[in-house]
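Dear colleague,

Please find the structure below, together with its sequence.

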Amino acid sequence: MSQQEMTTPQKKRIFSGIQPTGVFTLGNYIGAVRNWGALQDEYESIYCIVDLHAITVMQEPAALRANTMRAYALMLACGIDPKKSVAFIQSHNPNHAELSWVLSCSTMFGELSRMTQFKDKSARHADNINAGLFTYPVLMAADILAYNADLVPIGADQKQHLELARNIAVRFNQRFGQTFTVPEPYVPASGARLMSLQDPTKKMSKSDENANACVFILDDKDTIMRKFKRAVTDSEAEVCYREGKDGINNLMTIYSCVTGKTMDEITAEFAGKGYGDFKSAVGEAVADHLAPVRSEFARLSADKAYLNECIAIGSEQAYRMTRKILSKVYRRVGFVDHK
Ligand code: TRP
């Protein structure tokens with residue numbers, strides 16, 4: 001797609017940032033990531049691996065580098081097509097950090113102090129409560145506002161940060177004149193929420209201490225089968241969706257998401273069969289569903305030259321899109337033109 005087409009004005013712009021830490025969970029995949037492929041046709045999409053954000057907590061440099069490349073490959077393996085979307089690494093576009101500084105001067109200390117993620121993270125990393133951890137949401141606002149993004153797909157944990165980005169945009173616009181689009185959260189239509197396999201009253205989370213609670217999209221088939229076989233259910237022996245059957249409800253939801261079958265169809269399929277058969281079927285179906293992502297990830301990971309080329313093209317596009325907006329911001333705040 002040409003640059004001309006990429007900036008077709010009638011298409012809304014979507015921006016999302018992905019941390020280069022860990023692998024997506026089945027919950028992330030079903031709830032969000034697998035829709036990305038479809039979104040790129042409908043929206044002008046920009047996806048960025050946020051390595052600048054990652055260093056707000058301690059990172060081992062070699063691991064950060066490897067994880068960033070891995071996250072990029074994973075993003076493509078999940079269906080982001082670098083010819084349709086702008087896909088790049090945050091630190092490759094200096095405009096994010098530059099805009100972040102300007103926006104930090106329109107952000108109040110009190111606002112940042114109220115961010116629940118800052119409070120949580122500073123409690124968890126008491127030995128490293130650095131200024132970046134505090135100003136993290138300003139950088140996130142810069143990520144979004146630098147592109148004048150209309151929509152931002154985010155999980156519940158990022159809602160407060162997006163709200164702050166909106167407040168910063170409105171405040172800047174009021175003070176300096178209309179400059180930024182005020183972004184809206186993007187909530188996907190089919191947003192199934194997957195629960196832990198070990199405690200189905202809790203959300204499936206990659207940071208769960210119990211390794212069997214969560215399926216990762218790069219888990220191999222044996223691991224997936226094992227996790228489903230150990231999934232917590234109930235003492236009945238009936239595969240049906242009903243209040244109080246949290247474990248079975250969750251497994252049915254997962255099975256439905258990966259096979260497209262309805263709850264009634266699933267109940268009929270497993271009538272008279274035990275939970276053991278059902279769990280194996282869910283494991284098989286999930287493993288089959290994730291197999292193409294795993295093989296595409298392996299193929300891409302082996303082709304560093306291709307990945308590097310995509311990254312270079314993506315950051316060049318990202319730079320050009322944001323430099324125009326940043327120049328406008330600099331003029332608005334009263335900086336002397338750079339001749
Ligand atoms: N803070 C987000 C997270 O932890 C990642 C992120 C950074 C982001 N910049 C963003 C998400 C911009 C959406 C838009 O998940």
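Which residues line the largest cavity? The lining consists of Gln117, Phe118, Lys121, Leu133, Tyr136, Pro137 and His161. Before the details, two remarks on the source are in order. The model is predicted, so that local features need pLDDT of at least 70 and side-chain atom pairs count only at pLDDT 80 or more, while totals for chains, interfaces and linings use all residues. Residues are numbered from 1 along each chain as its sequence is written, and side-chain values use heavy atoms, with hydrogens and water left out.

**Cavities and pockets**

A search of the whole structure gives 2 cavities of 30 Å³ or more. On a 1 Å grid over the protein atoms alone, a cavity is a set of points where a 1.4 Å probe fits but cannot get out; a pocket is an open set with protein on both sides within 12 Å along at least five of seven lines; and lining residues have an atom within 4 Å of a point. Grid points are joined across faces, edges and corners, and a volume is the space filled by probe spheres set on the points.

The largest cavity holds about 50 Å³ of space. Helix H8 (116-124) and H9 are the elements that give two or more residues to its lining. Helices (H or I, at least four residues) and strands (E, at least two) are DSSP runs, numbered from the N terminus. By class, this lining has 4 nonpolar, 2 polar and 1 charged residues. In this scheme Ala, Val, Leu, Ile, Met, Phe, Trp, Tyr, Cys and Pro count as nonpolar, Asp, Glu, Lys and Arg as charged, and the others, Gly among them, as polar.

The second largest pocket has a volume of about 160 Å³. Among the residues that line this pocket are Leu52, His53, Ala97, Ser100, Thr135 and Tyr136. At least two lining residues each come from helix H4 (51-54), helix H6 (95-104) and H9, and the largest share, 4 residues, is supplied by H9. The lining of this pocket divides into 5 nonpolar, 5 polar and no charged residues.

**The ligand**

Around the ligand there are 13 residues, of which the closest are Gln19, Tyr136, Met140, Asp143 and Gln158. A residue is near a molecule if one of its heavy atoms lies within 4 Å of it.

A nitrogen atom of the ligand lies 2.7 Å from an N or O atom in the side chain of Tyr136. For the side chain of Asp143, the distance from a ligand nitrogen to an N or O atom is 2.7 Å. For the side chain of Gln158, the corresponding distance is 2.9 Å. Taken alone, the ligand exposes 360 Å², and the protein buries 89% of that. Accessible areas come from the Shrake-Rupley method with a 1.4 Å probe; for residues, only the protein chains shown count as cover.

Strand E1 (13-18) and helix H9 (131-145) are the elements that give two or more residues to the shell around the ligand. The largest share of the shell, 4 residues, comes from H9. By class, the shell has 7 nonpolar, 5 polar and 1 charged residues.

**Individual residues**

Buried means under 20% relative accessible area, exposed over 50%, and partly exposed in between (1.4 Å probe, protein chains only). The side chain of Asn95 makes a polar contact with the side chain of Arg323 at 2.5 Å, and a polar atom of the Asn95 side chain lies 3.3 Å from the backbone oxygen of Tyr319. A polar contact is a pair of N or O atoms within 3.5 Å; within protein, one must be able to donate a hydrogen and the other to accept it, and residues adjacent in sequence count only if both atoms are side-chain atoms.

Asn250, in helix H12 (residues 246-259), is buried at 5% relative accessibility. Its side chain reaches the backbone oxygen of Met195 at 2.8 Å.

Asn148 is found in the loop between H9 and strand E4 (151-153). Phi of Asn148 is near 50 degrees, a positive value in a residue other than glycine. Most residues other than glycine have a negative phi.

With kind regards
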